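Here is a short tour of a protein model for someone who is new to reading structures. Have the picture open while you read, and look up each residue as it comes along.

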Amino acid sequence: MAAGKTGGLKRYYDLNGWLFVAPSLLLIAIFLVYPILRSLYLSFFAGKGMMMKFAGFGNVVRLWNDPVFLQALTNTVTFFIIQVPIMITLALMLAAVLNNDKLKFIGFFRTAIFLPCVASLVAYSVLFKSMFSVDGVVNSALLAIGLISTPIGWLTEPFWAKVLVILAITWRWTGYNMIFYLAALQNVDKSIYEAARIDGVPAWARFVYITVPMLKPVILFTTIISTIGTIQLFDEVYNLTEGRGGPANATLTLSLYIYNLTFRFMPSFGYAATISYVIVLMVALLSFLQFYAARDRS
Amino acid sequence: MNVSRLATTVLQYVFLGTAAFLSIFPFIWMVISSTNKSIDIISGRTGIGDAFGINVANFFSQVDVPLVFWNSVKVSVLATLLTIVVSSLAGYGFEMFRSKARDRIYALVLLTLMVPFAALMIPLFMMMARSGLINTHIAIMLPTIASAFIIFYFRQSTKAFQTELRDAAKVDGLKEWQIFLYIYVPVMRSTYAAAFVIVFMTNWNNYLWPLIVLQSNETKTITLVVSSLASAYYPDYGVVMIGTILATLPTLLVFFVMQRQFVQGMLGSVK
């Protein structure tokens, strides 16, 4: 083949390659790359509304002296440190049990446990708010079975408000994670379990020594997704607390604080952008750590 | 069957039964509560009441239901179609026309999966304000169209597309866009269906960005309406329940009709 002909083919190939990906790349450049860089730029400016002036690292200094920010940071970290392990464990256990085709009504159980992830975040938050009112259905049930002797102030006491948020997210996302594990388990050779069973390995040990190691890549993937999601928590807390993150800022998350700083009060674009970079750094750091930890163990 | 085996089985059923009950209960609660008065709902009434008609009437008098529903449908369906067109082109392009430069850019595209929306919303809001797009549906859709996740999904699925089909079409003299439109799209229709379900759900339930951009009652989506009804000082929960039912019904319907595609779409990323 002549050199000129090869060059023409390569140009044809390249031109088509770029044409197919161009619309996406253009949109990503305008609506993702530009804004994220613009946020970084804004974080060096202080002031209210459009009256902004260069402040260097002034916003970072302000962060350290802002008790509301520190509370939002603590809340956000508390949420994912407690919630993600609980949910992942629960999802794994459910998947391990649901992987047993010999159980009756298995299809019903699978669909039922998966169903919460069809609900919109706003709709389920509103439902939870009505269920967890002081005289609501949950307190009534807990009183009736004798687990508590006085109603819990789910929406009025700081500690219980945090518990409610954790319960709510766990309800919404456990089935979602479970589906990933179930799909991965169905590719695992069943004979491994049979052999272990014949050797007298108890069910919990099969779970810990066979199921969990087999699913490690999927567990890593879902842990990262869940952590990133929880760091960005917004819809639930906004709708459980009328946008305030109450009581006494107990459920205020970083995203909700950014929203309030920008759209509820006189906007502090620069300071809010600085906080958004705290989220960016947290997401990047945690994803890196989780990848590193998984690689280290193998 | 020995005793410990039997105990294990019973334990499994108890575990699954509890999990299934807790998973479904809020949906049942939603339906029961739609028949009760607000005061009965927050005092935990679990019986069917007789206020369903009143709740529906109140909901329709407080909310322009056809308009709100139309807003939600319009925004979700249009944004979903655009996302699928643009992302499938990209997924196909990245896989079929591989080059060093494009592989590098693809890695960067995947990196954007980690970018939190909180870090985008302020500049996006300023951008829309400058372009006079605040309070328009275009502003809602534009930032959602390019999705790294869906590009990734289409690229992964394209790996199963047989290149022989493409080579044969080329011999027949079809242009690249014709191959994509007349061969790739029909062959990959189950991939498209799964992507549609997943993207539609995301758009239908989208909340934070519409909350920022849509400020008048004429443009609001059902999600925003439910949220604002429930955040009133004394919310009428009977009315709120009608709203949550309307907001949940389309996604429930899509889920039950296309359950297989739904699960396939969700799992698309790990295959």
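First, the ground rules. This is a predicted model, where local features need pLDDT of at least 70 and side-chain atom pairs count only at pLDDT 80 or more, while totals for chains, interfaces and linings use all residues. Residues are numbered from 1 along each chain as its sequence is written, chains are lettered from A and ligands numbered from 1 in the order in which they are written, and side-chain values use heavy atoms, with hydrogens and water left out.

**A helix with a bend**

Start with helix α1 of chain B, residues 3-33. Helices here are DSSP runs of H or I with at least four residues, numbered from the N terminus. This one has 31 residues and reaches 43 Å from its first C-alpha to its last, close to the 45 Å expected at 1.5 Å a residue. That expected span is 1.5 Å times one less than the number of residues.

Where does α1(B) bend? At F25(B), by about 35 degrees, and a proline, P26(B), follows within four residues. The bend is the angle between axes fitted to the seven residues ending at a residue and the seven starting there.

Several residues of α1(B) are buried, among them L16(B), A19(B), A20(B) and S23(B), as well as F25(B) and P26(B) themselves. Buried means under 20% relative accessible area, exposed means over 50%, and partly exposed is in between (1.4 Å probe, protein chains only).

**Where the chains meet**

Now look at both chains together. In chain B, 90 residues are in contact with 84 residues of chain A; contact means heavy atoms within 4.5 Å. The area buried between the two is about 7600 Å², and carbon and sulfur atoms give 79% of that. Buried area is the accessible area (1.4 Å probe) that two parts lose on being put together, summed over both. L16(B), R102(B) and I122(B) supply 8% of the area that chain B buries against chain A, more than any other three residues.

Between the chains there are also 16 residue pairs in polar contact, both at pLDDT 80 or more. With 17 residues, α1(B) gives the most to the side of chain B that touches chain A. A polar contact is a pair of N or O atoms within 3.5 Å; within protein, one must be able to donate a hydrogen and the other to accept it, and residues adjacent in sequence count only if both atoms are side-chain atoms.

**Salt bridges**

Side chains of opposite charge can pair when their charged atoms come close. A salt bridge here is a side-chain nitrogen of Lys or Arg within 4 Å of a carboxyl oxygen of Asp or Glu. How many are there over all chains? The count is 11, and one salt bridge lies between chain B and chain A.

| Pair | N to O distance |
|---|---|
| R102(B) and D14(A) | 3.1 Å |
| K159(B) and E95(B) | 3.1 Å |
| D103(B) and R98(B) | 2.8 Å |

Is R102(B) buried or exposed? R102(B) is buried, with a relative accessible area of 0%.

K159(B) is partly exposed at 47%, whereas E95(B) counts as buried at 16%. K159(B) sits in the loop between α8 and α9 of chain B and E95(B) in helix α4, so their pair ties together parts that are 64 residues apart in sequence. Apart from neighbours within four places in sequence, E95(B) is in contact with R155(B), T158(B) and K159(B).

D103(B) and R98(B) are both partly exposed, D103(B) at 25% and R98(B) at 41%. E95(B), R98(B), D103(B), R155(B) and K159(B) are linked in a network of salt bridges.

**Two residues in chain A**

Q83(A) belongs to helix α3 of chain A and is buried, with a relative accessible area of 0%. The side chain of Q83(A) makes a polar contact of 3.4 Å with the side chain of T170(A).

T223(A), in helix α10 of chain A, is buried too, at 16% relative accessibility. A polar atom of the T223(A) side chain lies 2.5 Å from the backbone oxygen of I219(A).
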